[in-house]
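Try each task yourself before reading its solution.

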Amino acid sequence: MIDNDFQISAEAIRKRIKVPEHPLWPELTADEKKALKERIKKLLDEQNAVVVAHYYTDGDLQELTEETGGCVADSLEMANFGTTADADTLIVCGVRFMGETSKILNPEKRVLMPDLDASCSLDDGCPIDLFSKFCDAHPDHTVVVYANTSAAVKARADWMVTSGIALPIVEHLKARGEKVLWAPDLHLGHYIEKVTGVDMLLWPGSCVVHEEFKSVALERLRRLHPDAVVLVHPESPDAIVEQADVVGSTTRLIQAVAEMQEKKFIVATDDGIFWKMKQLAPAKQLISAPTTGEGASCESCAHCPWMGMNSLQNLEELLLKGNNEIVIDADIREKALIPIQRMLDFANQHNISGKYQQQS
Ligand code: SF4
């Protein structure tokens, strides 16, 4: 039976989300940090383990990941990397859906995370029971879900996408005359709808970090820095996206800083990304888009509290204890693999990468 009356509001979803406090990690002296990194490197070697870290994690973690032959990237490349890595254990530093995606693609490997409670407001705001009802109510739509969803939600989808590949995949579905049901990020869904002209049914979820960028304060900041390029991740509200010079995935925003001639950038995404931007373009000035001003909340700091649950300290603890393993039900894994693999095949066919490759 089709329940055409199914409805859920953004407020109802927001009430389900419990945003944690930002973890406070003890400050380390340079010597302590060096010693800690050496211990971690030895443990990684001994365990034939490799780290896969997201651009939003702590800079020290990103640095260690690169020094040890791991991968620092967005969620598209994080998913891809595990399948090619010659390691028995993948350590995913990011949020839980990233660990789950790695496990779905690499069932033979051990996938560990520094903190299994590292969640995401988009994932938490799209529970499988409600999402299934939404899909049941619209059986004539192709179900496209963002990477920021649980394995169970992916198992219900036709396609999984990341922000770096969402537009070409939705264009591809449009060319085939398909109608799209999109979840869970409302702002990214609106953006895709606007760019592609596809009529999309949107789940009303949001990212607690990007939701906090303030449009009036951004206008003022742009007036103060008229020479700055405005870079915006499309999980941000429309009023922020409309002020952007460049809209795109984390990889696209990093590319803009590395390759554009301009010297100053206002950046509307998690400020963990600054580490990679500064590494590639140390002379450029980066300014965080404003999260204070009218309507600001205690979550307004441009840094994801769940991404903040990853640190050098708990990475060492993880390697010593070998706990926090990602386990996924075999049936769900099998079903969730289909939309993920579809996306990876599409990315390979169209040469789309989720890792910035510097031009030589
Ligand atoms: S930054 Fe937003 S979308 Fe990314 S993990 Fe955190 S809550 Fe989720």
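**Exercise 1.** Find which residues come nearest to the ligand.

*Solution.* Start with the 14 residues around the ligand, counting a residue as near if its C-beta atom, placed from the backbone, lies within 6 Å. Of these, Cys120, Ser121, Cys207, Val209 and Cys304 come nearest. Next, sort the shell: it holds 10 nonpolar, two polar and two charged residues. Here Ala, Val, Leu, Ile, Met, Phe, Trp, Tyr, Cys and Pro count as nonpolar, Asp, Glu, Lys and Arg as charged, and the others, Gly among them, as polar.

A note before you go on: this is a predicted model, where local features need pLDDT of at least 70, side-chain atom pairs count only at pLDDT 80 or more, and totals for chains, interfaces and linings use all residues. Residues are numbered from 1 along each chain as its sequence is written.

**Exercise 2.** Work out which strands stand at the edges of the open sheet of four strands.

*Solution.* First write the order, S10-S9-S11-S12, with parallel pairing. Strands are DSSP runs (E, at least two residues), numbered from the N terminus, and two of them pair if DSSP finds at least two bridges between them. Strands S10 (246-247) and S12 (285-288) each have a single partner strand, so one side of each lacks a neighbour in the sheet. Leu231 has Val246 in S10 as its bridge partner.
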